[in-house]
Amino acid sequence: MGFNKVITSKKMLSLFAVLMLTGTNLLMAQGTATAAAEKPGVDWLSVSYYILLFVLACIAIAVIGKILKVYDLSQKIQGKAGINWNNLMAIICIVFLIAGAVGTYWSFSVQGKMLLPDAASVHGVKIDSMFWTTTVITFIVFVVTQILLFTFLFVYKHSSKRRAYFLPHNNTIEKVWTIIPAIVLTVLVIFGFFTWQEVTNSADAKGQPASINVDITGKQFQWDLRYPGPDGLLGKKNYKLVGGANKMGIDYTDKNSMDDLAADTLVIPVNKSVRLNIFALDVIHSVYMPHFRVQLNAVPGLPTYFKFTPTLTTQEMRNKLDDPKFEYLVYCNKICGASHYNMQKIVRVVSEAEYTQWLAKQQPLLTPALRTELKLAEVKNNNISTNRLALNN
Ligand SMILES: [Cu+2]
């Protein structure tokens with residue numbers, strides 16, 4: 001479609017009007033809201049506003065192009081050489097390279113602050129170093145290729161004084177740009193594989209067994225916790241037993257379950273390996289603790305686990321960040337329903353002595369009420385399993 005057709009098209013004009021209206025309305029709404037909150041300036045701008053800016057920039061470029069075209073034609077009518085479009089395109093390439101470099105710098109310096117917080121777990125440091133290794137390698141390749149691309153476009157622009165060299169195929173080049181990235185990617189993937197294996201290897205497999213075993217169960221919209229009692233063992237669970245006061249479906253025919261403890265806060269000792277056994281009762285949730293670089297889906301019917309070792313207590317992190325109110329949190333990182341945004345729990349990393357003291361104060365999940373209820377349930381044992389499975393899946 002030619003430029004004339006675009007600007008006279010009714011559809012395009014109506015679309016532009018709609019964008020203009022939504023863009024300005026939202027901008028003004030934001031301005032009012034922020035003014036009301038006594039914050040200077042506009043902190044957040046709508047998507048429509050940026051689309052509007054983009055459309056305006058496109059129109060501005062199209063108008064400049066049209067003016068150049070008219071100038072070019074007028075020059076030719078006067079018998080002059082007119083504009084050398086190849087040179088113009090070559091200059092635009094260099095402008096694009098510089099604008100891109102400035103944009104990349106801006107992106108790193110401004111958006112870079114939104115990266116993950118300081119790592120507070122053993123494997124978190126390894127994950128960060130892998131992340132930075134990959135970022136630095138890909139960034140170097142990115143910078144070199146962009147400079148080469150746009151500089152070549154500039155240097156080897158069309159010239160009537162030379163002919164282009166025809167290069168249909170070159171095996172050496174093919175080998176180089178296949179083998180080098182293959183080696184680099186293999187090394188990165190192998191490092192990732194070992195780190196991931198360290199995180200997810202079973203507590204029963206070779207290596208250190210986890211010191212602390214905690215069950216975390218996601219349901220709309222909260223996390224429920226279960227700690228082992230004085231025997232140090234968590235009892236069995238069965239989703240068919242979920243119901244009434246037995247919210248997590250704990251199997252109380254297993255004697256290890258009898259002393260298991262309930263807790264409101266995920267309290268864990270520093271420098272001890274923690275194994276989180278992850279469950280879900282309704283939909284898919286996701287255990288997410290950004291400071292510990294822990295994230296794993298909680299899937300109904302598919303127990304998973306994540307092992308990590310916290311390295312900084314809540315107090316140490318408060319001192320480090322100079323924020324006396326700081327708390328580690330476990331979030332849900334899977335959009336699981338209307339109140340997903342509020343599905344979080346405080347995680348407190350403490351010394352081992354504090355942890356032992358805290359654990360001693362926690363109450364068993366098997367309350368007298370539940371004991372009574374389960375006796376009833378034992379009589380009607382066949383009815384328990386009625387279709388929790390259908391609900392869960
Ligand atoms: Cu959730």
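User: Helices (H or I, at least four residues) and strands (E, at least two) are DSSP runs, numbered from the N terminus. With that in hand, where is the place of Asn-271?

Analyst: Asn-271 sits in the loop between β4 (266–269) and β5 (274–280). A caution before we go on: this is a predicted model, where local features need pLDDT of at least 70 and side-chain atom pairs count only at pLDDT 80 or more, while totals for chains, interfaces and linings use all residues. As for numbering, residues count from 1 along each chain as its sequence is written.

User: Got it. What's the phi of Asn-271?

Analyst: Asn-271 has a positive phi of about 60°, although it is not a glycine.

User: And how many other C-beta atoms are within 10 Å of Asn-271?

Analyst: There are 14, which makes Asn-271 partly exposed. The cut-offs go like this: a residue is buried if 20 or more other C-beta atoms lie within 10 Å of its own, exposed if 12 or fewer, and partly exposed in between, with C-beta atoms placed from the backbone.

User: What about Asp-322, is that one buried or exposed?

Analyst: Asp-322 is exposed, because it has 7 other C-beta atoms within 10 Å. Asp-322 lies in the loop between α7 (314–321) and β9 (328–332). Its phi is near 55°, a positive value in a residue other than glycine.

User: Let's zoom out. How many helices and strands are there?

Analyst: The protein has 10 helices and 10 strands. It is 393 residues long, and 18% of them count as buried.

User: What share of the contacts comes from residues 24 or more positions apart?

Analyst: Among contacts with a separation of 6 or more, that share is 66%. Two residues are in contact if their C-beta atoms, placed from the backbone, lie within 7 Å.

User: Okay, sheets now. In what order do the strands of the open sheet come?

Analyst: The order is β3-β2-β1-β5-β8, 5 strands with mixed pairing. Here β3 (261–263) and β8 (304–308) stand at the edges with a single partner strand each, so one side of each is left without a neighbour in the sheet. From one strand to the next, the twist averages 30°. Axes for that are lines fitted to C-alpha atoms, for helices over the stretch in contact, and angles run from 0 to 180 degrees between N-to-C directions.

User: How many bridges join β2 to β3?

Analyst: 3 bridges, and the two strands run antiparallel. In that pair, Arg-226 has Ala-262 in β3 as its bridge partner. Two strands count as paired if DSSP finds at least two bridges between them.

User: What about β1 and β2, how many bridges there?

Analyst: 5 bridges join them, and they run antiparallel. Thr-217 stands opposite Asp-224 in β2. A hairpin connects β1 to β2 through 2 residues.

User: Which peptide bond is cis?

Analyst: The bond joining Gln-220 and Phe-221 is cis, with omega about 0°. Phe-221 is found in the loop between β1 (212–219) and β2 (222–227).

User: Last one: how many residues of β6 are buried?

Analyst: 4 of the 5 residues in β6 (residues 285–289) are buried, so the strand is mostly covered. β6 is joined to β7 (residues 294–298) by 5 bridges, running antiparallel, with His-285 opposite Ala-298 in β7. Those two strands form a hairpin with 4 residues between them, and Arg-293 in the turn has a positive phi of about 55°. β6 also pairs with β9 in the antiparallel sense over 2 bridges, where Tyr-288 stands opposite Tyr-331 in β9.
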